[in-house]
Amino acid sequence: MSRSLIIVESPTKVRTLKKFLGKDFEIKASSGHVKDLPKNGLGVDLKNDFQPEYVLIPGKKKILDEILQASRKATAIYLAPDPDREGEAIAWHIAEALKVDPEIVYRAEFNEITKSAVLKAIKNPRRLNSDRYEAQKARRVLDRLVGYELSPLLWEKVKRGLSAGRVQSVAVRIVCDRENQVQEFKPAEHWRIEVELQGPSGPPFPARLVKIEGKPAEISNQSGAEEICAYLKNAVFQVSEVESKERQKNPPPPFITSTIQQEAYRRLNFPVKKTMFLAQQLYEGVELNAEGPVGLITYLRTDSVRVAQEALDAVRLFIRDQYGPQYLPPQPNLFRSRRGAQEAHEAIRPTSLEYVPEKIESQLSPDLFRLYQLIWNRFLASQFSPAIYDTIAIDIQALNGSAGPKKFSLRASGSTLRFPGFLSVYRDLEEEEKEEQAPEEKSEPGILPPLSPHAALVPKNISPSQHFTAPPPRFTEASLVRELEENGIGRPSTYATILSQIQEKNYIKKIKGKFYPTELGKLVNVLLVKSFPDILDLEFTAEMEEKLDQIESGREKWTEVLKNFFTPFQESLKRAKSEMRKVRGATTPTDVVCDVCGKPMVIRWGRNGEFLSCSGYPSCRNTKNFTRGESGQIQPLARESSAKSIPESGITCSQCGRPMVIKRGRYGEFLACSGYPQCKNTLPLGKDLPCPAEGCSGTLVQRRAKGRRFFYGCSRYPECRFILRGSLVRESCPQCQAPFLVQENDETKCIRTGCHYSRSASESLETSPPAPG
């Protein structure tokens, strides 16, 4: 029997689509891209207008053969990967491989995996979009040219294994620039003066000094503050003006990719990578007991805040029925997307208001529920009425006739929530953070006593307080995503990848949730900025993103964009090969003296970063780790402190009884006796830790996979195939009391697979491979 063929990229989508498309359709999954540039070689024909030389991705031949076999029997073929550039490229490559009449090949796009949306897409298909495909092709070729040319340069000048990228290197620069601002920041002292005043009636209230002689009150030292306090102590306080008004706080727009990443990090402590992983599951379909797989949210990679009219009508009806007509604005709330947004997409929202989070909570994992509830509440809030506050501002004059005619102005302000509006379902943390960053402008909460102009006030207490200006905050995952978006760096689908890459390459490290550049990251950034100022320029990178958007809209030719980029890039590359400072093999002199032979020590670069080495090498092979003080001075570490010490509850050497320490070798960390070289006993990390698999009597041992990835595996393999990626955390699970937790990326979770305990890694205690048993 002839059937139509639908090709998606995810096997999960196949299960969801089969539920409502019936027997008239055969559905196949490509499991992502089927073709890409080769791993070995540039893969771009520079002499033929930058034509990419795509090859079949290893492991995809079987998948493609199954698609080709199914296509021979199909009466119509609908290519339905994701509705973005990557999805268009997947569809294009599959179409090129199909050996069928092109007239029966269509492109179907849907922003949500629901029966109505999918059937509508199949009923109204289109042809493949060459402009969108060329925009993706231009980005892929552009990134390959930059990475393939810059990375070998870094191998030669710094060390092997490094990489550079058109966007990731700019992200590293942003973090390095912020760190420079923090280090160079000089805190400035300033004082605030608050006076507690009593009116004719009611309780006392605080007022802050805001102006002196009509100018903003700027008090830079203690003596100035004490002089003003002495003046105010004998001053007469009088109300000069009372202003009462209504203030509305409008609801936030529904989520787009960048904002859901930021809010999930702030509210749920979810790393960006985890947020996208969970959102992908919600989009592709989650198993609900009675209905099977259901797509709960719309497409997750979007920069548009547009909402379909059908969804607007449904949510307005839901708000009226569930919360009351007072919470429903007269007209739908409409929001404006940023310039260049893909308005063909929608904002991230629930696909149906039938699936209330609390009703399906038992069928979702805790993390899926929390993210779905966040998306649900934000979408509802976007169509609520504004919150309404009653605000009051009281201006007060302080005069002291005996101390001169100086005029001091104070202000007391307060606000009360009259109508909660959208705050009934969603509090906007971003606005709260902005208010916290500007405390001078923030209204004091609470109710002020009724006062009228010219009312006399009595000072009860005068409180000066010292403050210092603070440096700009270091980036978190949320604030770095916002910085990338505001500067036009990258696109919704790339933020999670960017953050992962810069950490995996050891350019950036995360400490208590904040991003710090490593010494390697600082060095690479300085070298690249000096040799390639255009490529690492934020405005240039943003302009290139706009060029890619113009290619997609048909206003630019992709080959011309690449030509205009590549010519000056080649010139910079040629100059950098001869002029860039070579760090590999180079040494930096220090004042540290070798404690073995007495010669000065120098800084060298190794596979694990900088270290101190004796200048008499190879005659003297003494080495040390070191740290840099606040002023940059070199502080060598004693050998005991160069390795991380095992706590008292840790391991003792089975051969000599001394404590064992963690050291790093060619293949990663291992346990070594602190009595080395007298005792050379070593152990792999995790040895003798019981395997968490139910009913298994094995122990965990550290193993090495291809690509030098490390993981913990059961000693009884292949009988037990339990594996554990990440670092073990010496802390019991608060939920099931398992003896250890495991940290992977920025998430800390229980070692037992049946326990769903999870939290942000920034909340974790000491993280290191634990003592056995």
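## Exercises on cores, cavities and cysteines

The largest nonpolar core of this predicted model has 129 residues, and those with the most contacts inside it are Leu296, Leu371 and Phe532.

**Exercise 1.** How many cavities of 30 Å³ or more does the structure hold, and which residues line the largest cavity?

Solution. 
- Step 1: There are two cavities of 30 Å³ or more.
- Step 2: The largest cavity contains about 40 Å³ of space.
- Step 3: Its lining is made of Ser163, Ser169, Val172, Tyr507, Val524, Asn525, Leu528 and Leu536.
- Step 4: Helices H6 (168-184) and H16 (519-531) each supply at least two residues of this lining; H16 has the largest share, three residues.
- Step 5: Sorted by class, the lining of the largest cavity has five nonpolar residues, three polar residues and no charged residues.

**Exercise 2.** Give the volume of the second largest cavity and sort its lining by class.

Solution. 
- Step 1: The volume of the second largest cavity is about 30 Å³.
- Step 2: The residues lining the second largest cavity are Ile256, Thr257, Ser258, Thr302, Asp303, Arg338, Glu485, Pro492 and Tyr495.
- Step 3: This lining divides into three nonpolar, three polar and three charged residues.

**Exercise 3.** How many disulfides does a search of the whole structure find, and which cysteine sulfur is nearest to that of Cys620?

Solution. 
- Step 1: The search of the whole structure finds zero disulfides.
- Step 2: For Cys620, the nearest cysteine sulfur belongs to Cys614 and is 3.7 Å away.
- Step 3: A disulfide requires the two sulfur atoms to be within 2.5 Å, and Cys620 is in no disulfide.
- Step 4: Cys620 counts as buried, because its relative accessibility is 9%, under the 20% cut-off.
- Step 5: Cys656 is likewise in no disulfide, the nearest cysteine sulfur being that of Cys673 at 3.3 Å.
- Step 6: With a relative accessible area of 32%, Cys656 is partly exposed.

Key: Residues numbered from 1 in each chain as written. Predicted model: local features only at pLDDT ≥ 70, side-chain atom pairs only at ≥ 80, totals over all residues. Heavy atoms only, no water. 1 Å grid on protein atoms, 1.4 Å probe; cavity = no way out; pocket = protein on both sides within 12 Å on 5 of 7 lines; lining within 4 Å. Points joined across faces, edges and corners; volume = space filled by probe spheres on them. Helix = DSSP H or I, 4+ residues; strand = E, 2+ residues; numbered from the N terminus. Nonpolar A, V, L, I, M, F, W, Y, C, P; charged D, E, K, R; others polar. Core = buried A, V, L, I, M, F, W, Y, C linked by side-chain atoms within 4.5 Å. Buried < 20%, exposed > 50% of the residue type's maximum accessible area, 1.4 Å probe, protein only.
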